[in-house]
Amino acid sequence: MSDNPSRILFGQLFEANREKVYRLAFKLTSDRQRAEEITQQCFIKLWENMHKVEEGQDVFPLLFVFTKHIVIDETRKLYRERKKLSQISQNQTISNDNAEEDALLRKEFNQHMHKVIEQMPEQRRNVYILSRDKGQSNKEIASQLSLSPTTVRNHLTLALQSLKRELMVHYDMETK
């Protein structure tokens, strides 16, 4: 038999819990497609943590926590994206008097962002660019760069924290 014990146990856990996780994700999101994606992400997290699972252990409480965290993270991401779109929409309604000044500020902001991104370690910069500029998912980036999705998420988190920190320092100094 070519399957290792972890793979066999994972298969059993997947079959025993897949529907429960899907129903939970659907209940939290009311969206079948998102529920399916969340279910997949949840079992990827389980696979990454199989070394912590013992045979005979009820893993649904762990899957419940994984599912809840994934839904919360995705909800936050959607909220931020909608908020950003709203801000962009509001910025487009700026009067012509402020348009030139706004363009200069955006140009300065974009230049500073580009400078901060270029100073990031190569792997972090690549992950950030693939995620934000190219619109790829963490899973796609992980596959393309031969990294785990968790490593991609960590790089992206560090990149965003670095950008936030650098931009806050830059603009706080500008206002003083």
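Biologist: Which residues form one aromatic cluster?

Modeller: The model is a predicted one. Its aromatic cluster consists of Phe10, Phe14, Phe43 and Trp47. Over the whole structure, a search finds five aromatic pairs.

Biologist: What describes a pair of aromatic rings?

Modeller: Two quantities are used: the distance of the centres and the angle of the planes. In the case of Phe10 and Phe43, the ring centres are 6.3 Å apart and the planes stand at 85°, so this pair is edge-to-face. The pair links distant parts of the chain, since Phe10 belongs to helix H1 (residues 5-29) and Phe43 to helix H2 (residues 32-48), 33 residues apart. Both Phe10 and Phe43 are buried.

Biologist: Why is the pair of Tyr22 and Phe26 stacked?

Modeller: The planes of Tyr22 and Phe26 are at 15°, with the ring centres 6.3 Å apart, so the pair counts as stacked; the cut-off for stacking is an angle under 30 degrees. Tyr22 and Phe26 are separated by about one helical turn because they lie four residues apart in helix H1.

Biologist: Are Tyr22 and Phe26 buried or partly exposed?

Modeller: Tyr22 has 16% relative accessibility and therefore counts as buried. Phe26, at 28% relative accessibility, counts as partly exposed.

Biologist: Where does the charged end of Lys45 sit?

Modeller: The charged end of Lys45 sits over the ring of Phe66, 5.6 Å from the ring centre. Elsewhere, Lys20 lies over the face of Phe60, at 5.0 Å from the centre of that ring.

How values were computed:
Residues are numbered from 1 along each chain as its sequence is written. This is a predicted model: local features need pLDDT of at least 70, side-chain atom pairs count only at pLDDT 80 or more; totals for chains, interfaces and linings use all residues. Side-chain values use heavy atoms; hydrogens and water are left out. Rings of Phe, Tyr and Trp (its six-membered ring) pair if their centres lie within 6.5 Å; planes under 30 degrees apart count as stacked, over 60 as edge-to-face and the rest as tilted. Helices (H or I, at least four residues) and strands (E, at least two) are DSSP runs, numbered from the N terminus. Buried means under 20% relative accessible area, exposed over 50%, partly exposed in between (1.4 Å probe, protein chains only). A charge sits over a ring if NZ of Lys or CZ of Arg is within 6 Å of the ring centre and within 35 degrees of the ring normal.
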